Amino acid sequence: MGVTKEYERWLTHTDDHTKQEMEQVSANPAELEDRLGRALAFGTGGLRGVMGAGNNRMNVYTVRQATQGVANVIVSEGEEAKKKGVVIAYDSRHHSVEFSKEAARVLAAAGIVSYLFDELRPTPELSFAIRKLHCVAGINVTASHNPKEYNGYKVYWEDGAQIGPEKAAEVLAEIRRSDIFDDVHVMDFDEAVKQGLIHTIGKEIDEAFLARVLEQAASPDAVAAVADTFKIIYTPFHGAGYRLVPEVLRRAGFKHVLTVAEQMKPDGDFPTVKSPNPEEKEGFTIAIGMAKKEAIDLIIGTDPDSDRAGIVVRDASGEYIAMTGNQVGILLTDYIISVKKERNELPENAAVVTTIVSTLMADPVCRQNHVALYRTLTGFKFIGEKIKEFEESGSNTFLFGFEESYGYLAGTYTRDKDAVVASLMIAEMAAWYRNKGVTLYEALQALYQKYGYYGERLISLKMEGLDALDRMKALMEHLREEGLKEIGGVAITAERDYLKDVRKTMDGKTTEKTGLPQSDVLYYEMEDGSSVIVRPSGTEPKIKLYLLVSGQSAAETGEKLDRYENAMRAVLK
Ligand SMILES: O=P(O)(O)OC[C@H]1O[C@H](O)[C@H](O)[C@@H](O)[C@@H]1O
């Protein structure tokens, strides 16, 4: 359908505010083309985009259409599925409440029950609630840590994990079949409540969730031993962690949990930070300022939907430094294995799960402790799937899951990364080390001494403009055609192309399957044991380049990272 026709349809079918916005941009053809020329992509990550009027924006109409797609799939699964219903959660972003209510209205019109949270909640609590309430699916209105102009819509299925490629394809087919205006049906919200199609949930789910999170506590005595003097500063960056994270820390026995008052208030403008992302140290500025005034052991920050956590600690010189997701992941892996061993509670078939783009250090840590290590594609949903697989086959006991992008999970009560449990485990780990007279920074250095030095770097190449997605595809194609033999003077020993599902060694002797689902990822195994990985982001217009290296010293890993970065930047230009 042409843009002019679409423009008229938007003027005919939408509310006054949307119409006005459309009219305001109508004089700008490029803007109109961008907003109406294509639909917001619905992938395995669901929808994510800038809020505003148009098919290519997050708004009431695109949210309704996506929900119609979800509803149609549920309806096709039968009456039982409709009755089981859908849990709906949301974060602190603008329009998040409105979008989640609209989703409930569409579900109600299709005769599907929904359970809507009374307030913003952490994403992992949504995943937990799906199984707790025996629902068929879940919807989460959140754009995670994206800038404030964004919102998003993620879909979960009955196993509590985000939908995988197959389910996403089913939902997408239904979305495509449903015209954004003509085929989308909504029921009046109050009427749906009256008919028992929309229920409100809240405190009771919090309590059940917190109980399961607290069960993961691995060394309560270590916490008790330092509780009188151990001090934590916590910030939710204006998001969903503001209540449950401090609560869980207090219940776990921490007596001094200070919070960053300015950032405790949920606010979609994220007014005190450049970006509400725990990966960015800048967000911790206020917390660090507070820490400088008194002896603080640990600073923790969680992102707006509280599924990812970042920490700031002091290094040997007393400087406040932000640890990376890989560093925290390794510290936690080693810590959990160590306390379980101490208590004789490490199951024979214990397994740690991480992703192919996360630190190589997970290998020696698991190997030397006789713990199985599995690597999945990027995305915590794949770790969630692995947990389900373990449960079904009985092959392994899930111990811990982490990924470089600041996502961690201990326990199987939720099937997504959980910053609530991560905050608990990190704080407890810091207490455990303090009992030994060691800081988290020193603990990490000790791990490097024991297992070798490892370094990681993520380089994101931003793609601007309307054709960003096409250019990302073209860049990946270019790399495939190029057939790299070396990077920065180091030979490539094997190349994995996850899209073609093939791993081949450069000597031509081995060609085998990758063992993972198809995905647009190129993975170069280097002669020096490093890995260079390239993939288009699934959530933003970016090509992501992951460098994973090891060496004899921090200086050596740093040099390798620089060398690979320079070489790859030249290749990807
Ligand atoms: O790298 P992207 O496709 O943009 O996804 C960004 C992030 O999304 C989720 O949080 C996944 O769990 C992460 O594994 C991923 O890194």
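Residue numbers start from 1 along each chain as its sequence is written. As the model is predicted, local features need pLDDT of at least 70 and side-chain atom pairs count only at pLDDT 80 or more, whereas totals for chains, interfaces and linings use all residues.

The protein chain is divided into domain 1 (1-28), domain 2 (38-201), domain 3 (209-451) and domain 4 (453-571), with bounds that come from an automatic or database domain assignment. Between the C-alpha centres of domain 3 and domain 4 the distance is 28 Å. At their interface, 12 residues of domain 3 are in contact with 14 residues of domain 4, where contact requires C-beta atoms, placed from the backbone, to lie within 7 Å. On the side of domain 3 that touches domain 4, six residues are nonpolar, five polar and one charged.

An open sheet of four strands is ordered β13-β12-β14-β15, with mixed pairing. Helices (H or I, at least four residues) and strands (E, at least two) are DSSP runs, numbered from the N terminus, and two strands pair if DSSP finds at least two bridges between them. The edges of this sheet are β13 (372-376) and β15 (407-409); each has a single partner strand, so one side of each is left without a neighbour in the sheet. The twist from one strand to the next averages 20°. Strands β12 (residues 350-355) and β14 (residues 397-403) run parallel and are joined by four bridges, and Val352 has Phe400 in β14 as its bridge partner. Helix α16 (residues 380-393) lies across β12, β13, β14 and β15 and runs at about 175° to β14; axes are lines fitted to C-alpha atoms, for helices over the stretch in contact, and angles run from 0 to 180 degrees between N-to-C directions.

A further open sheet, of five strands, has the order β8-β7-β9-β10-β11, and its pairing is mixed. Here β8 (256-259) and β11 (320-322) are at the edges with a single partner strand each, so one side of each is left without a neighbour in the sheet. The twist in this sheet averages 25° from one strand to the next. Strand β7 (residues 231-235) pairs with β8 in the parallel sense over four bridges, and Thr259 in β8 is the bridge partner of Tyr234. Helix α12 (residues 244-251) lies across β7, β8 and β9 (298-302), at about 170° to β8.

Two helix pairs were also examined. Helix α7 (residues 123-132) packs with helix α10 (residues 203-215) at an angle of about 105°, with their axes 10 Å apart. The two helices α7 and α10 are therefore roughly perpendicular to each other; angles under 35 degrees count as roughly parallel, over 145 as roughly antiparallel, 65 to 115 as roughly perpendicular and the rest as oblique. In this packing, Glu125, Phe128, Ala129 and Lys132 of α7 meet Ile205, Ala208, Phe209 and Arg212 of α10. By class, the contact has five nonpolar, no polar and three charged residues.

Helix α1 (residues 3-13) and helix α3 (residues 29-36) cross at roughly 75°, and their axes come within 10 Å. Helices α1 and α3 are therefore roughly perpendicular to each other. Val3, Glu6 and Tyr7 of α1 make the contact with Leu32, Glu33 and Leu36 of α3, comprising four nonpolar, no polar and two charged residues.

Note on methods
Two residues are in contact if their C-beta atoms, placed from the backbone, lie within 7 Å. Ala, Val, Leu, Ile, Met, Phe, Trp, Tyr, Cys and Pro count as nonpolar, Asp, Glu, Lys and Arg as charged, and the others, Gly among them, as polar.
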